[in-house]
Amino acid sequence: MHKKHLLLLLVTTLTLIACSVHSKRGSDQAGNPMILWYDKPANIWEEALPVGNGRLGAMVFGGADAETIQLNEETIWAGEPGNNIQTDFKAHLPEIRRLIFEGKHEEAQQMALRLLPQRAGEGRNYGMCYQPAGDLSIGFPAGAAMRNYRRELDIANSVARVTYEQNGVRYRREIISSLADDVIAMEISADRPGSVSCALGMHSLHKKQSVMVDKGALWLRGVSGDYENKTGKVGFTAIVKPKITGGRLETTDSTLIVTNADKVVVFVSIATNFRHYDNISGDPDAKARQLLDAAYPKEFDQLKRAHTALYKKYFDRVRIELGSSDAIKKPTDIRLAQFSGGRDPQLVALYFQFGRYLLISSSQPGTQAATLQGIWNHQIHPPWDSKYTVNINTEMNYWPAETTNLGEMHAPLFDLIGDISETGKQSAAMIYGARGWSIHHNTDIWRISGVVDGGFYGLWPMGGTWLSQHIWQHYLFTGDRQFLAKYYPVLKGVSLFLKDVLQEEPEHKWLVVCPSMSPENAHHPKTSIAAGTTMDNQLVRDAFSNVIDAAAVLGADRAFADSLSALLPRLAPMQIGRWGQLQEWMHDWDDQGDKHRHVSHLYGLFPSCQISPYRHPELFSAARTSLLARGDESTGWSMGWKVNLWARFLDGDHALKLITDQLSPSIQPDGSQKGGTYPNLFDAHPPFQIDGNFGCTSGIAEMLMQSHDGAIHLLPALPGAWKTGAVKGLRARGGFEVDIQWNGGVLSTATIRASLDGNCRIRSYAPLQGKGLVAAKGGNPNPLFNVGVIQPPLIHAENPLEKVVLKQVYEYDVFMKKGDVITIRKMK
C-alpha cells in the first residue's frame with residue numbers, strides 16, 4: 001500500500017496547491033538584481049524557468065507537490081539526413097525572370113506558386129521539426145498548506161531554485177544544466193533529516209518511445225517523429241538516476257520511489273545517435289551512460305561549483321547599471337505587468353543580462369546553433385518547426401554575441417554556415433544553375449538549402465548571403481586572420497553564387513537578384529516576387545565588399561576580388577521614394593500604411609552600416625521616415641529589431657519606448673496574446689521566439705556604445721530616463737573592450753582596453769581628455785573600422801526631405817598596443 005500511495009502523488013495537481021501559496025516577498029534574495037523570481041509555481045510552459053548548457057535544456061515548473069522538468073537535447077529532430085532541392089524549378093527560371101522584368105509580377109508569382117506550393121506536397125519537405133525528449137515528473141507527499149514559496153532563476157550563477165515551507169520543514173531544490181559535466185542535476189533537500197520523499201517518473205510525446213527501470217535508474221528511449229515525407233531516425237536515450245543520502249530507494253517497472261531521505265540528487269543524462277548532419281550512426285545508450293557515470297560520483301556542490309565557474313567566465317565579462325527602484329522587491333511577473341506605468345530600470349538591466357544568459361545557455365562551442373526557440377521546446381510540432389529562419393531570426397539570435405562579449409557563443413553559427421556552404425552548393429547548381437552556394441529562408445539540423453514554404457514566402461535565395469555577414473563581423477571584432485582564412489572559401493562561395501545569378505534589369509541596366517523578394521512582404525496583393533529589392537542590393541554590396549577586403553587582408557585571390565570590384569558600380573543604388581521613404585523595392589511601391597513586421601530595407605542601417613547619420617544624411621532621413629511609418633508595436637522580435645534601429649538613429653528615447661513595448665505582458669486578461677513578453681521573460685511573437693530576447697539585448701548594447709561607423713561612439717543613444725549608470729565590458733570592433741560611466745545623462749569616464757594593436761577612434765557628445773588623445777582627422781586608419789563607399793541615392797521625393805538634427809560630436813584618436821588600457825574623462 002505504501003508504494004501505491006506514493007505513486008498516486010505523481011498526479012497531484014498544481015492548481016490545488018497554488019491556492020495555498022503564501023509569498024515571501026521579503027526574502028533575502030528579493031533585492032538581487034540578477035534574479036527572476038516568482039511567488040507561485042508555473043502553471044504554463046511560458047511561466048517555467050529555463051536552464052541549459054548549449055546541448056541540454058530544461059524548463060523548471062517548480063511545483064511543490066508535483067514538479068515537472070521538461071527536457072530537451074539539441075539534436076532530437078524529426079526526419080533524417082537529406083536535402084530538399086526542387087530540381088524541376090531551374091527549367092522555368094528564365095520564364096519567371098522574363099515575366100518579372102516585363103512587369104508581370106502577378107503572373108510570375110502564380111507560376112512560382114504552381115512550381116513551389118505553400119504546402120510541401122508529395123515527395124518534398126520544407127524542413128524538419130526540433131522536438132522535445134520528454135518530461136521528468138516528481139511527485140511529493142501532499143501536506144499542509146505551503147508557506148513562503150519562492151521560485152527563482154539566478155542568472156548570475158546559472159542556477160534555478162525552488163524553496164518553500166510545509167509541515168514546519170523548509171524544502172529546497174536547485175537545478176543546473178552543467179557546462180562542466182554535460183548532465184542536468186537537481187538537488188532536493190530539507191532542513192530536517194529524513195524529510196525528502198518523492199516518486200520519479202518519465203514520459204514522452206513521441207509515438208516511438210518506452211520507459212523502463214534498470215539498476216536504480218529510469219531509462220527513456222525513443223525515436224524522433226516522421227514529418228513531410230521523411231522518416232524519423234534520430235534515436236535518443238534519457239537516463240534519470242537519483243543518489244540519495246539516508247532513506248531508501250524502491251522501484252516499480254516505470255517509477256523510482258524515494259522515502260525519508262535527507263537529500264536526493266537527481267542526475268539526467270541524454271544522448272542521441274546524431275553525429276553530423278549526414279551521419280546518425282552514434283550510440284545513444286553508450287553516450288548517455290558514459291556522461292552519467294562520469295558525473296554520478298560527484299557531490300552536487302562540486303557539480304555546481306564547476307558549472308558556475310565556467311558560466312561566470314562568460315557572464316561576468318559584462319555588468320550593467322541603469323539605476324534602481326523599489327520595484328526590484330516585487331516578483332518578476334508583477335514587475336513586467338507594472339513596467340510601462342512605473343519606474344524600473346533594473347528590469348531593463350535584468351532583461352539585457354537575461355538575453356546573455358540565454359545565449360550562453362543555448363549556444364556553446366561545439367553545440368548546434370540556437371534555433372527559433374534556443375534549445376527549449378515542449379512540442380512535437382512547434383511553431384515554424386522551431387528550426388532556423390534565416391531571413392532575420394537566426395541572425396538576430398547572434399546579434400549580441402560580439403558586442404556583449406560572448407564571441408565564443410558565435411561558434412555554433414559558424415559551424416552551421418560551414419555545413420550549409422556545402423549543402424548549399426546543391427541549391428545553387430540545381431535550382432539556379434550557379435556556382436558557389438546559397439540557401440533560402442530556412443534550414444534545419446539536416447542543413448536543407450532548398451525553398452521552404454513555397455513561392456510566396458520562400459523564393460528568396462539570400463539566406464546564405466546574410467548569414468555570411470557574421471563571419472566578416474567576427475573578424476572586425478577580433479582581427480583573427482586565422483579565422484578569416486578558414487572561412488574565406490565560404491565568403492567567396494556566396495559571391496560566386498551572386499556573380500552568377502545577378503541579372504541586368506532592362507530599365508537602368510543595374511545588376512540585380514531575380515527572382516527574389518523583400519522577405520515575407522507583398523508589394524501588391526498576394527505578390528511578393530520581385531527583382532532588385534533594396535535588402536538584396538544591400539546584401540550583395542556587403543558580400544562583395546567583404547570578399548574584396550578579406551582578400552586584401554589575406555593577400556590572396558586578387559583577381560577574383562578585382563572582378564567583384566568591377567561589379568560594384570553596376571549594382572542598384574538605394575532610392576528615396578515619393579513620400580520621402582527609403583524604398584523597399586526597386587520600384588516606388590511602398591504603402592505608407594504598411595505595418596509589416598519585417599523592415600528588411602533597413603538592413604543597411606542595422607545590422608549593416610550602409611546608412612550613416614554623418615556620411616549619408618539623405619539616406620538616414622529616408623530610413624527614419626520609413627521606420628516611423630512602419631510603427632512601433634509589432635511582433636516581439638520585430639520590436640527587438642526596432643530597438644536596434646532607433647539606437648542607430650541615435651534616438652535613445654524612442655529606443656526605450658520600444659523596450660517598454662517589448663517589456664509588456666503578452667498574455668492579456670481575456671487570454672489572448674500580443675507581441676511582448678511572457679512571465680518568464682521569454683519573448684512573445686506570439687508564440688515564443690527567442691530572437692526577440694537576443695534582439696533587445698543587442699539593442700540595449702547599441703544604445704550604450706556603437707563601433708560600426710568608423711569610431712567607438714560612447715553613449716550614442718542614451719535615453720533621458722537613464723540619468724546615471726554604468727556598463728562594463730562591451731566589445732567594439734578593432735579588438736577593444738569598453739567600460740562607460742555616466743552622470744546626469746552625460747559621459748563622465750570611460751576605460752578602453754586593447755586586445756590588438758591599432759588606432760582607437762573615440763566619438764562622444766562631450767569633449768574628452770585623456771593621455772594620448774589627439775583630435776581625429778580624416779578617415780580612421782584602422783582597417784577594422786573601414787566604412788566603405790556607398791553610392792548616392794536616387795531621390796524621387798515629392799517634397800524636401802526632413803532634415804535630422806544631430807548632436808555635436810567630438811572625435812579623438814589614440815594609438816593603442818595590445819594590452820594597453822586608457823581612461824578618458826569628460827573635459828572639465
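Predicted model: local features only at pLDDT ≥ 70, side-chain atom pairs only at ≥ 80, totals over all residues.
Two packed helices are described by the angle between their axes and the distance between the axes. Helix α14, residues 481–501, packs against helix α16, residues 558–567, at an angle of about 45°, and the axes are 12 Å apart. The two helices are therefore oblique to each other. The crossing of α14 past α16 is left-handed. On the α14 side the contact involves Y488, K492, S495, L496 and K499, and on the α16 side F560, S563, L564 and L567. Sorted by class, this contact has 5 nonpolar, 2 polar and 2 charged residues.

Next comes the loop between β33 (794–795) and β34 (810–816), where L801 is found. L801 counts as partly exposed because its relative accessibility is 25%. Leaving aside neighbours within four places in sequence, L801 is in contact with I576, G580, E618, S621 and I795. I576 is 225 residues from L801 in sequence, yet their C-alpha atoms are 9.3 Å apart in space.

The last topic is aromatic pairs, of which the model has 28. One of them is the stacked pair F354 and Y357, with 6.1 Å between centres and 15° between the planes. These residues are 3 apart in helix α8 (residues 345–362), so about one helical turn separates them. F354 is buried, at a relative accessible area of 0%, and Y357 is also buried, at 0%. F354 pairs with F682 too: the centres are 6.4 Å apart and the planes lie at 35°, so this pair is tilted. Because F682 lies in the loop between β23 (676–677) and β24 (683–684), while F354 lies in α8, the pair ties together parts 328 residues apart in sequence. Ring pairs link F354, Y357 and F682 into a cluster that also includes W45, Y311, F315, W376 and F688.

Technical notes. Residues numbered from 1 in each chain as written. Heavy atoms only, no water. Axes fitted to C-alpha atoms, helices over the stretch in contact; angles between N-to-C directions. Helix = DSSP H or I, 4+ residues; strand = E, 2+ residues; numbered from the N terminus. Parallel < 35°, antiparallel > 145°, perpendicular 65-115°, else oblique. Left-handed = near helix turned anticlockwise from the far one by under 90°. Contact = heavy atoms within 4.5 Å. Nonpolar A, V, L, I, M, F, W, Y, C, P; charged D, E, K, R; others polar. Buried < 20%, exposed > 50% of the residue type's maximum accessible area, 1.4 Å probe, protein only. Phe/Tyr/Trp six-rings, centres within 6.5 Å; stacked < 30°, edge-to-face > 60°.
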